[in-house]
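Please open the model in a viewer and keep the selection tool at hand.

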Amino acid sequence: MTEWMVTTSSAVVLDESILQLWLLGHSVDQATVARLPMIQPPVSSRVLKSYITSQYRTYEMMHHYLHHPRHFAGQFMFPLSHSAKQHLIERYYSFDESVIREILGKKLNSRTRKDLDEVHEKTGVKLTSCRRQFDNLKRVMKKVEDAEGRTLIQDIEHQFLLPHYLARQYAHILFIADKKLDTFRKRLSCYQYSDFEYCGAVLMQYWTASTMDTLPEFDPQLAQDVRDLKSLMLNDRAVLDELRNRISNNLSQSAHPPVLERIQSNFKVVLRNMLSIGCMINQQKEVRNILVEITDKLVDAFIQVGWSSTDIGAFYDSMVAEFQNTASLTSRYRERYSTSWIRLVTGIKLTSIRLYKQPTSQSILTRSFTR
């Protein structure tokens, strides 16, 4: 007599509205109260609560699997389509930008997790949701920090099956966390998560070494080249004068030239501040303050002389263009340092424009290039 084993399964029904409430940390009772007025045709609270309880039970069962997305994608306990699994992974690893803003730059350790009560109070996001987002960041960091052979974004996509846009954001957040970049100084309080995430992307692209190490490091060769340029350019009056005059002529010919007098008189200070910031990237303690330095030494000073973000962009573009034309700097040096100069100036240009925002404190507005 032949023996047969029969297994049955029922399709898993995912309710997006209930999933959202679960991810936000609402209890069953809270979710019932939130959804009841929206149900058409109306149902009793008891029926709705039973339905939500069933949905929550399903999500709780999936919870462990979602910590390991590749395993979740391959399991058969929950009969879901590939697209449904991908959607669940994406939703589970999504985050509230206000929560991440409060975590950016902090160590992803138990002490920071204990302080999530303060994040909850400041943002209004439920504590369970804050903890999920923190734990997701820590989980991704732990998984990728020792990996090799892929870029950070590629490795997050591979390990966690996240869509490219979300993997990019995680990469930039983890880069800021790994480098412990300060985002909590008073001057930086006017910036949002998206501003810092953008700056993290710029620094990763232009100022890190081109290696396959998953967590990229600031490029020591770039830092050395900037130190060389600092010595060559600041100690040679002919180079300073020619570069300043070329940039001034370039800007004066634009359709809407900025007011140049204050910049011309403080050109050496601007250049020194730029080069000093570039030198910081190979100094572990100093690099933590790099966003503070960009806003303090450059952005605020440009605001003080009345320049717009468009003026700042044109100024840095002229710096890139006129470097190769500065005959006072020998052709050997121009050829050797051209790529590093472009990387330095482009990184400062993009971050400066993004961080161009009027500070809230009037005392900050007194800053100038003469600092």
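**Confidence**

This is a predicted model, in which local features need pLDDT of at least 70 and side-chain atom pairs count only at pLDDT 80 or more, while totals for chains, interfaces and linings use all residues. Residues are numbered from 1 along each chain as its sequence is written, and side-chain values use heavy atoms, with hydrogens and water left out.

Colour the chain by pLDDT, the predictor's confidence in each residue, from 0 to 100. The mean over the chain is 90, and 92% of the residues reach 70 or more. Select helix H20 (residues 331-354), where confidence is highest at a mean of 97, and then helix H15 (residues 261-265), where it is lowest at 75. Next select residues 1-9: pLDDT is below 50 there, and the stretch has 1 contact in the model beyond near neighbours in sequence. Contact means heavy atoms within 4.5 Å. Residues 362-366 also stay under 50, with 8 contacts beyond four places in sequence. Where pLDDT is low, the predicted coordinates should not be read in detail. Helices in this tour are DSSP runs (H or I, at least four residues), numbered from the N terminus.

Buried means under 20% relative accessible area, exposed over 50%, and partly exposed in between (1.4 Å probe, protein chains only).

Centre on Ile156 and show its contacts. Beyond four places in sequence, Ile156 is in contact with Val140, Val144, Leu161, Leu162, Ala167, Tyr170, Ala171 and Leu174. One of these partners, Leu161, sits in the loop between H10 and H11. Leu161 has a positive phi of about 55° although it is not a glycine, and counts as buried at 17% relative accessibility.

**Helix H5**

Select residues 82-92, which form helix H5; its buried residues are Ala84, Lys85, Leu88, Ile89, Arg91 and Tyr92. They lie on the same side of H5 because they cover an arc of only 165° around the axis, the arc being that of the directions from the helix axis to the C-beta atoms. His82 and Ser83, on the other side of H5, are exposed.

**The cavity**

A cavity is a set of points on a 1 Å grid over the protein atoms alone where a 1.4 Å probe fits but cannot get out, and its lining residues have an atom within 4 Å of a point. Grid points are joined across faces, edges and corners, and a volume is the space filled by probe spheres set on the points. The count is 1 cavity of 30 Å³ or more, and about 40 Å³ of space lies in the largest cavity. Select its lining: Arg244, Ile247, Ser248, Leu251, Leu260, Ile263, Gln264, Phe267 and Phe315. Helix H14 (237-252) and H15 are the elements that give two or more residues to this lining, and H14 gives the most, with 4.

**Single residues**

- Tyr191 lies in the loop between H11 and helix H12 (193-207) and is buried, with a relative accessible area of 1%. Not counting residues up to four places away, Tyr191 touches Arg101, Phe196, Thr295, Leu355 and Lys357.
- Gln169 lies in H11 and is buried at 15%; its contacts beyond four places in sequence are Phe95, Tyr193 and Glu197.
- Lys180, in the loop between H11 and H12, has a positive phi near 55° and is partly exposed at 31% relative accessibility.
- Pro41 is in the loop between helix H2 (28-35) and H3, and the peptide bond from Gln40 to Pro41 is cis, with omega near -5°.
- Lys122, in helix H8 (residues 116-123), is exposed at 62%. The C-alpha atoms of Lys122 and Ile263 are 41 Å apart.

Key
1 Å grid on protein atoms, 1.4 Å probe; cavity = no way out; pocket = protein on both sides within 12 Å on 5 of 7 lines; lining within 4 Å.
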